[in-house]
Amino acid sequence: MDFLANAASPLRLLTGAFAPVFWEPLGRRGERLVVGVIIENEHGICHATPTLQHQHLLQYLNKERSDSAVGVMEFAFDHFNKTLQAGGRIEDLKTPFAKMSIGRIEPITARSEIELTERAIHLCTLLGRTPDEAETKDAAKQSTARTREFMKDVRQIIAQINPQFAQSALKTNRPYPVGGSSIKLHFHHKQNFAQFCSLPLPTARADAATECKARLLELITIRVQEPSANIALLINTATRGMPHTGRTNTTELIRLQTLDMATALNIPAKEYASAPEAAKFIQDIAETSST
Amino acid sequence: MSTETLFSPPQVCIPLLPVDALTGQEKGLCTAWEGEVLPLNEGDPIKCVFKHLSHPGKLAIEMACTLAATVLGNNTPAPCLVLASKEQLPELPESAHQPGGFAILFGSTYVGGNSFFEQLSQASDATLDNSVWNHFCSNANTAAKGAALDELLANWDRHSRNMRFDGTNWWLIDHDQALAPALNADLSKLKADFVASHNLIASQLNERRRNDHQMPDAARLAAQRQNQIQALAAVAAKWTHAVPQAVDIWQQTSSLLELLSRRMPMLQLMINERIGANQSNNLKWTSSPTPPPP
């Protein structure tokens, strides 16, 4: 009996699509937040939902700036939903503000409407599988290079510790054989938004401008190949040689969101401050995965 | 903007590079930028949107309209002048440059420095226009003040892209099409009773809040501030600066403020006429249907 062929079966996979909504609060510098997601269910019905939690904004931005950000997002998502309720499709949707954009539409499957929404949100906000268009921009190239350089260090350490991985570990996106399966590392960078979140700009401007250029949040997802799923997450919170901005910035906001999501999905998450730490965590995950 | 700030000369600044081009990047020409500017006198850098205006007389029109808007209690960013060289803004049209080697642009400073100052998407979108006008008119008092202002400024060009959003309030920007009869005119001889054929805020507010739009009250209250506009005109005439072009602009600003003060006694009549009259879409300018007061 083919359960998947039965439309009434709870095992039937629902198909839909989603697209992230980006906001560049301070201009075209490739410094973007994922502020929401637009989801289309299998009946073609769409809705938009913000993913940046109001309480996080209020907690980590000063009040005036967080109120302002919340108001901007409320207006945008109200506009999105009115347009979608009037029969609009994701591909036709336009953002109300010049610094907002809608990312690429990706297909998604789930076993229920709720799961469809949750998966779309997770894919946008946590695991970063949504293509980061900012990486193609000149302003972001240096940050991409820094992240690659870091990953190269991590791979070299893994190869030294475990010669079995030497061949694959030194090459980008090669799977690491682990028991009957293999793991793959995906890395992303999320540039800092220090100016977005820092306290009043006139007083903090000089520092914020430096930090904004310098800092980024590196995020590594560890994924098993079959079935394709993320099994662990690393967050680099100490970019080498760069000053820390304290905790009232958007890097912190992204970090908290990431940790919250990892907890919700029961995925091990580790924050590291050096390549050896990251390499050790990856090794541990690989060993756990192979047993 | 505080009263003290309002009666001080607007800042004259230079851009701190890099700045973001807001328009026309694909054509290699640009008329508006966003970024930080540094006041020449003193003070910290300020975030600013600044633009090149095709006619030098429009700098004074922008300045006068923005200052008047602030006096009348509207949400309008504080104005400044931005001096930029061709090296700093290579996308500037050749015609923008003054003999001294720099161009003078009109700047609108960010609101308070902390709030976001969002520009609407430029693509034409009727649904978005509807969302913006619904939101703008949800506060009848603010919208009515805006309608009275545009009537005073004879500003026909208040489409939704000439507003910016800070998360709560809409800020009125771009007044370079206002006071058009005053451009190249001898202001001392110009009759003050001209009206624009459109007042988009008035028509949107009238359409959405026909029974509680508050526009006559807003016009009456605005007209009561005639003395403040006159005082500002007198003060602006005495503003000085090391950059002589800035002083010229402020002299013109003063004359325009004087013209606005002469229009103020007619404001309530103009608004009443506007609400009751059919709006012409064919002509941008008409003679006033009502005679000026003695």
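**Reading a sheet, a helix and a core**

Me: In this predicted model, which strands of chain B form an open sheet, and in what order?

Reply: Three elements are involved: 3 strands of chain B make up an open sheet, running in the order β6-β7-β8 with antiparallel pairing. In general, the strands of a sheet pair through backbone hydrogen bonds, and this pairing may be parallel or antiparallel. At the edges stand β6 (118-119) and β8 (170-172) of chain B, each of which pairs on one side only.

Me: How many bridges join β7 and β8 of chain B?

Reply: Strand β7 (residues 163-165) of chain B is paired with β8(B) over 3 bridges in the antiparallel sense, and B:R164 is found opposite B:W171 in β8(B).

Me: Turning to a helix, which residues of α6 in chain B are buried?

Reply: In α6 (residues 215-223) of chain B, the buried residues are B:M215, B:A218, B:A219, B:A222 and B:A223. Because they cover an arc of only 130° around the axis, they lie on the same side of α6(B). Among the elements that cover them are α4 (140-153), α5 (200-208), α7 (226-236) and α9 (267-276) of chain B.

Me: Which residues touch the most other members of the largest nonpolar core?

Reply: That core has 118 residues, and those touching the most other members are B:A64, B:A68, B:V82, B:A147, B:A148, B:L257 and B:L267. Its largest share, 10 residues, is supplied by helix α2 (residues 57-71) of chain B. Apart from this core lies another, of 11 residues, including A:V154, A:A278, A:A279 and A:I285.

Me: What is B:A64 in contact with, leaving aside its neighbours within four places in sequence?

Reply: With those neighbours set aside, B:A64 is in contact with B:T253, B:L256, B:L257 and B:L260.

Terms used:
Residues are numbered from 1 along each chain as its sequence is written. Chains are lettered from A and ligands numbered from 1 in the order in which they are written. This is a predicted model: local features need pLDDT of at least 70, side-chain atom pairs count only at pLDDT 80 or more; totals for chains, interfaces and linings use all residues. A nonpolar core is a set of buried Ala, Val, Leu, Ile, Met, Phe, Trp, Tyr and Cys residues joined through C-beta atoms within 7 Å. A residue is buried if 20 or more other C-beta atoms lie within 10 Å of its own, exposed if 12 or fewer, and partly exposed in between; C-beta atoms are placed from the backbone. Helices (H or I, at least four residues) and strands (E, at least two) are DSSP runs, numbered from the N terminus. Two residues are in contact if their C-beta atoms, placed from the backbone, lie within 7 Å. Two strands pair if DSSP finds at least two bridges between them. The arc is that of the directions from the helix axis to the C-beta atoms.
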